[in-house]
Amino acid sequence: MAENIYLFVPNIIDYGRLVLAFISFYFMPTDPVKASVCYIISGLLDAFDGHFARMLNQGSRFGAMMDQLTDRITTMCLCATLCHLYPSYMFFFQVSMALDIFSHWMHLQGSALKGSDSHKKIDLSANPILRHYYSNRVVLFLMCLCNEAFFCAVYLCYFTPGPIIPVIGVGFFKLAAIVCCPLSLLKQFISVIQLLAACENFVIVDREERAAAAKLTAKTK
């Protein structure tokens, strides 16, 4: 009897992440507490799907795609809300969304084209920055955490600066946005590198296929 990939534990976790994400989207314009709680829980569950996939040997291409797209749409929809709340910074959030979607999609498809079952499995001959970024789980976790924390903090700052920290007299959410901003910008820079590397992978495959086609044509003449 064929395995039911849809009911793999990591995939069920991703379904829950999607439900929480859409609940968060619904409350984002009006209720920052409910929106933030659902959004944060959805994000934290991202650490569990991969763990269970490895522990239960339930890794799948379907699950990898679900995980990747869930990450992308949650960040994208939060940025879409920020465009509404901060119209003067709309271009920044639009660029961030476009770069995130473009770079990860190209990278994911490039990995699939090269036969990898995960976008996080980088060839040792690939870009050293991306290799370190994806192979070091601590770095990857901190970068993703700070990037999400920055956008969440900016979102919450629209409603309140957060509890005031006595020593420095700055709201907690505002401080979180300031602290996480450099790492968020660094992640945007890494996304640019990821996009360029993915484009180069596609070009390499194109060159190899065209060269092979040219040789086949030459033999048939």
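Which residues of α7 are buried? In this predicted model, the buried residues of α7 are Leu 140, Met 143, Cys 146, Asn 147, Phe 150, Phe 151, Cys 152, Ala 153, Val 154, Tyr 155 and Leu 156. Helix α7 itself spans residues 137-159, and its 23 residues reach 33 Å from the first C-alpha to the last, close to the 33 Å expected at 1.5 Å a residue. The cover over its buried residues includes α1 (9-27), α2 (32-44), α4 (61-85), α5 (90-113), α6 (128-135) and α8 (172-220).

Two of these covering helices, α4 and α5, also pack against each other: their axes come within 9 Å and cross at roughly 170°. Because angles over 145 degrees count as roughly antiparallel, α4 and α5 are roughly antiparallel to each other. Among the residues that make the contact are Met 65, Leu 69, Arg 72 and Met 76 of α4, together with Phe 93, Met 97, Asp 100 and Trp 105 of α5. By class, this contact of α4 with α5 has 13 nonpolar, six polar and two charged residues.

Turning to the cysteines, the count of disulfides comes to zero. Two of the cysteines are set out below.

| Cysteine | Nearest cysteine sulfur | Distance |
|---|---|---|
| Cys 152 | Cys 180 | 9.6 Å |
| Cys 181 | Cys 180 | 9.0 Å |

Cys 152 is buried, with a relative accessible area of 15%, whereas Cys 181, at 24% relative accessibility, counts as partly exposed.

Conventions
Residues numbered from 1 in each chain as written. Predicted model: local features only at pLDDT ≥ 70, side-chain atom pairs only at ≥ 80, totals over all residues. Heavy atoms only, no water. Disulfide = S-S within 2.5 Å. Buried < 20%, exposed > 50% of the residue type's maximum accessible area, 1.4 Å probe, protein only. Helix = DSSP H or I, 4+ residues; strand = E, 2+ residues; numbered from the N terminus. Expected span 1.5 Å × (residues − 1). Contact = heavy atoms within 4.5 Å. Axes fitted to C-alpha atoms, helices over the stretch in contact; angles between N-to-C directions. Parallel < 35°, antiparallel > 145°, perpendicular 65-115°, else oblique. Nonpolar A, V, L, I, M, F, W, Y, C, P; charged D, E, K, R; others polar.
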